[in-house]
Amino acid sequence: MRSSLLRRFRIIFSTFIFICFILVFIDFRSLIPTRYTNLLLYLQFIPSFLKFTTLQSVAAGGFIAVLALTILTGRTYCSFLCPLGIGQDLTSRIGGRIKKKFRRYGYKKPFTVLRYSLLAITLIVTMLWGMYMITLLDPYSIFGRNMTYFIKPLVIILNNFLAGILGRFDIYSLSNIPVKGFTLIAYSIPAAFFTLVVLLSLTKGRLFCNMFCPVGTFFGLLSKVSLFRIKFDESKCTRCGRCSMRCKSSCIDFLNHDVDITRCVDCFNCVTICQDKALSYGIVRFKKKVHETDESKRKLIIGSALLLLGVSRAANGQVKTAPKPKKDSTVKESKTFPVCPPGGLSIAEFNKYCTACSLCINACPNNVLQPAFKQYGISGMMQPVMDYHKSFCTYNCTVCTEVCPTSALRPLVLEAKKLTQIGKAKFIKDNCIVKTEKTACGACSESCPTKAVHMIPYEGNLVIPETKDDICIGCGHCEYACPTVPYKAIYVDGNPVHLAAKKPENVQSEIKTPVEFPF
Amino acid sequence: MKRRDFLKTSVGAGLAAGAALSLGGYDKLWMPASSGSKFDMVAVMGGNPDAMFDLGIQELGGMGAFIQKGQKVLIKPNIGWDVIPELAANTNPLLVKRIIEHCFKAGAKEVYVFDHTCDNWVNCYKNSGIEKAAKSAGAKVVPANSESYYQKIEIPGGVKLQSAKVHQVLLETDVFINVPILKDHSSTRMTCCLKNTMGLVWDRGYWHSNDLNQCIADFALYEKKPALNVIDCYNVMVKHGPQGVSKEDIVLMQSQILTTDWVAGDAAAAKMMKMPVEKIEYIPMAHKMGLGNMNLESLNIKRIKM
């Protein structure tokens, strides 16, 4: 095949995928059913692989399809399915508009040492210590954070602007959404990567994918055995160099009729631009000369795959440094553990599988999920943590557990979620309005969906809160509602391992249906 | 400009009201507000929420007694919780729908519905069934989830609450109809007419931390008072309020109370809950401040059993 249709197909297909990804991440009105989100995320390599290591079912086998696709067609994943890759194609295009020079690439030598080192470091770190490198470098997660931290707020601001205009005309189909930013420090890493990716792609095409991205490097290695690839017909080539100039991966050495298959992302720009029909995409016929390095590299591929498969096992044996308890204080809230979202099973388990893609942070209708900075320790940087000063976990909701692509949050049916205790409410009487002001309050108890926080008689006609651990699920509505400052009079202390709460018991009231008006 | 004019007239009205108060007590102040019907309160028992309202409003002279043609109406139900209608944490959607229909029949230009919810507002509006019911009757269901919808107002004479941020729709409408549901409440013991106003304001936390009962009573001083209170006592949450845990918290009372005097409405509601009125502190407070009459014996009450 060498028709220009290939490139057109790539553009149409990837545009569609990219728009879907954007919609999923900016869906602040929760209009997209989670099954569509799951469908879209099924083929994301790292999330799917992580899900597979925990679920080991076909339902999580998207990454196998991706591996097969790569072995068959090369790095088509990078051009067709990776949202960060597609996004970079877009910024490259913009770069070309800014300065023509930015879109004239030409052949460049690969950063061999850097990219293979990064891949190796990622594998080793993941195996020995945890998800740090994957969290930082997984392209899907980087894309997710870009959307969450930088694009979605813009969309909400636009929405609020439109909602304001419509509101003047008495139309309320759009509503104002309070823009709740994260703590400033949470933006540091996402901002660094956003800048890096945007700058590199604006001026250098797919350099990020061929220098930093461990998934790209890994697929590059796999591509060495791929069936379909870009081929030169040396007899037709006039060495005009157009292909090389248009190659976003800077991987076409047209003088030697060589395409660096480890860097080629199958964008088909070269096939389209070649006026002499010298370039085509098709089944490769292996040349006689054999690369001496092939064997060792194949071993590396197999080794890496095995290492990756062994990751979950190896990591299981690791002792996690649990977050340290804060110093005790009589009126300060003394959280010993952060609260990790329902479905996480335990903080350690959750930290192990989350890549901080932030999809759940976006999907949460209550904005209770906030990126952690130091709550979980370094292993949990940017991972979602329940922030009950910002909001609370709504009782009738399981969205975060449904959208999680890596199974860091396992799906929970609503009835199970309502009995999943992610923390326990702790009451600090000395902070409570009822005690300090001697006036009624009860904001905590009124918010409590299980009545684990209930009111008991206090002085005079006053009532004061009391907590019941066994039916508390740690939703944090009490903490959120508590009006005291700066420290709350009631707060939720996280459960390092999630527990099962008891179902709240209830008996029929003594008050009966009236037959006469009592007045 | 309109809003400013409105505020000016409101302040004027407030002053006039204050003057009337100092001269002649609250009875005179409430006289013009009453509809010309001979009853201060109509209590209906034994029907469905919509049928009971049809009867009750008829006894008060019809909706036309409260709404003039072309006016904008705010209906403020309780939509505070993400709970299904059967569990009665929110006002009955059937009732809300029927009131809206009566408003339009009486010539209302526009009817608005909102509540500043406690749970996630989208879920509350949806799962309470009120959004659908209100929209099907032609009302505008307005969001109240963002501070940008609220404007600061003054409450002259408030003991603890001298100002509050209220939803702009309250300021922009001509008639305010209060449609609470009667429920047990964990701290104030009962929520009904007066406490339903907490869904009109933005900063509820201030009320909780500054003498909740007094703030509830204080807000009733604000010049924009309900022309009519319709208390939903169809299914009544008698414990674990205001959110409820399960159906065991609910008692079927099949009743409804319509009144122009919200303090009287709350006093009657307390009786339904078999609770001494004095225990619900904001009721005697509001009574003493002259905002209504909690002595039901002195009122002309029409009781209807269907």
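Predicted model: local features only at pLDDT ≥ 70, side-chain atom pairs only at ≥ 80, totals over all residues.
1. Residues are numbered from 1 along each chain as its sequence is written, while chains are lettered from A and ligands numbered from 1 in the order in which they are written.

2. Let's begin with the whole chain. Chain A has 22 helices and ten strands; helices (H or I, at least four residues) and strands (E, at least two) are DSSP runs, numbered from the N terminus. Along the principal axes, its C-alpha atoms fill a box of roughly 100 × 60 × 45 Å.

3. How much of chain A is buried? The share is 46% of its 519 residues. Buried here is 20 or more other C-beta atoms within 10 Å of a residue's own, exposed is 12 or fewer, and partly exposed is in between, with C-beta atoms placed from the backbone.

4. Now for contacts, where two residues count if their C-beta atoms, placed from the backbone, lie within 7 Å. Take the contacts in chain A between residues at least 6 apart in sequence: 73% of them join residues at least 24 apart.

5. Chain A splits into domain 1 (5-283) and domain 2 (347-500), with bounds from an automatic or database domain assignment. The C-alpha centres of the two domains lie 36 Å apart. Across the boundary, 31 residues of domain 1 are in contact with 26 residues of domain 2. On the domain 1 side, helices H2 (34-41), H3 (45-55), H8 (132-137) and H9 of chain A each supply at least two residues. That side divides into 15 nonpolar, eleven polar and five charged residues. For the classes, Ala, Val, Leu, Ile, Met, Phe, Trp, Tyr, Cys and Pro count as nonpolar, Asp, Glu, Lys and Arg as charged, and the others, Gly among them, as polar.

6. H9 turns up again in a helix pair. H9 (residues 139-168) and H10 (residues 188-204) of chain A pack at about 110 degrees, with their axes 10 Å apart. So H9(A) is roughly perpendicular to H10(A). Angles under 35 degrees count as roughly parallel, over 145 as roughly antiparallel, 65 to 115 as roughly perpendicular and the rest as oblique. Axes are lines fitted to C-alpha atoms, for helices over the stretch in contact, and angles run from 0 to 180 degrees between N-to-C directions. From H9(A), Ile142(A), Arg145(A), Asn146(A), Tyr149(A) and Phe150(A) meet Pro190(A), Phe193(A), Phe194(A) and Val197(A) of H10(A). By class, this contact of H9(A) with H10(A) has seven nonpolar, one polar and one charged residues.

7. Next pair: the axes of H1 (residues 5-25) and H6 (residues 83-98) of chain A come within 10 Å and cross at roughly 110 degrees. That angle makes H1(A) roughly perpendicular to H6(A). The residues involved are Ser14(A), Ile17(A), Phe18(A) and Phe21(A) of H1(A), with Pro83(A), Ile86(A) and Gly87(A) of H6(A). They divide into five nonpolar, two polar and no charged.

8. Why is H12 (residues 214-223) of chain A described as largely enclosed by the rest of the structure? Because nine of its ten residues are buried. Among them are Pro214(A), Phe218(A), Phe219(A) and Leu222(A).

9. Finally, look at the neighbour. The contact between the chains takes 41 residues from chain A and 47 residues from chain B. On the chain A side, helix H21 (443-447) gives the most, with four residues.
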